[in-house]
Amino acid sequence: MTDAREQGVQIFRELLPGVLPEGPLNVRDGSFGDEILEIAMDNVFGSLWTREGLSRRDRSLVTLGILIALRATDELKIHVQIARNNGLTEDEIAEVIYHSTGYAGFPAGNTACRLAREVFDAQT
């Protein structure tokens, strides 16, 4: 396992405790696209989330805005939870969503609001 992957797996486990099984990450099963999680661990969590310059909280703010604009709904749900784990409150996440409507459009913000509600409701 590469250093970037080891760091990425560690960061991911810290951001979303309990999602990945403990021990070495082995997700290849021969099915289509079985390398995608490894790519995310290496390039996103291992190379980007480990950089200095922005706190994890700040990275969550940026990531939420980007995912809202892209209407990347699956990833947005995960990153709403990551943002909570990085210290963002529900009110702050709502402000990110409201602010995004001015730049990404109301439909993108509305979808983000619905998805965030689903995440918050699942936590209660």
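I started with the face of helix 5 turned away from its buried side, and found the exposed residues D91, H99 and G102 there. Buried means under 20% relative accessible area, exposed over 50%, partly exposed in between (1.4 Å probe, protein chains only). Helices here are DSSP runs of H or I, at least four residues, numbered from the N terminus.

Note on the source: this is a predicted model, where local features need pLDDT of at least 70, side-chain atom pairs count only at pLDDT 80 or more, and totals for chains, interfaces and linings use all residues. Residues are numbered from 1 along each chain as its sequence is written, and side-chain values use heavy atoms, leaving out hydrogens and water.

Next I checked the buried side: I93, A94, V96, I97 and S100 are buried in helix 5. They cover an arc of only 155 degrees around the axis (directions from the helix axis to the C-beta atoms), so they sit on the same side of helix 5. Among what covers them are helix 3 (56-70), helix 4 (73-85) and helix 6 (106-123). Just after helix 5, I noted G105 with a positive phi of about 100 degrees.

Then I turned to salt bridges (a side-chain nitrogen of Lys or Arg within 4 Å of a carboxyl oxygen of Asp or Glu). I get eight by this rule. R5 pairs with D42, closest N and O atoms 2.8 Å apart. This pair links helix 1 (residues 3-15) to helix 2 (residues 36-46), 37 residues apart. Both R5 and D42 are buried.

Last entry: R28, E35 and E38 are linked in a network of salt bridges.

Note on methods
Helices (H or I, at least four residues) and strands (E, at least two) are DSSP runs, numbered from the N terminus. Contact means heavy atoms within 4.5 Å.
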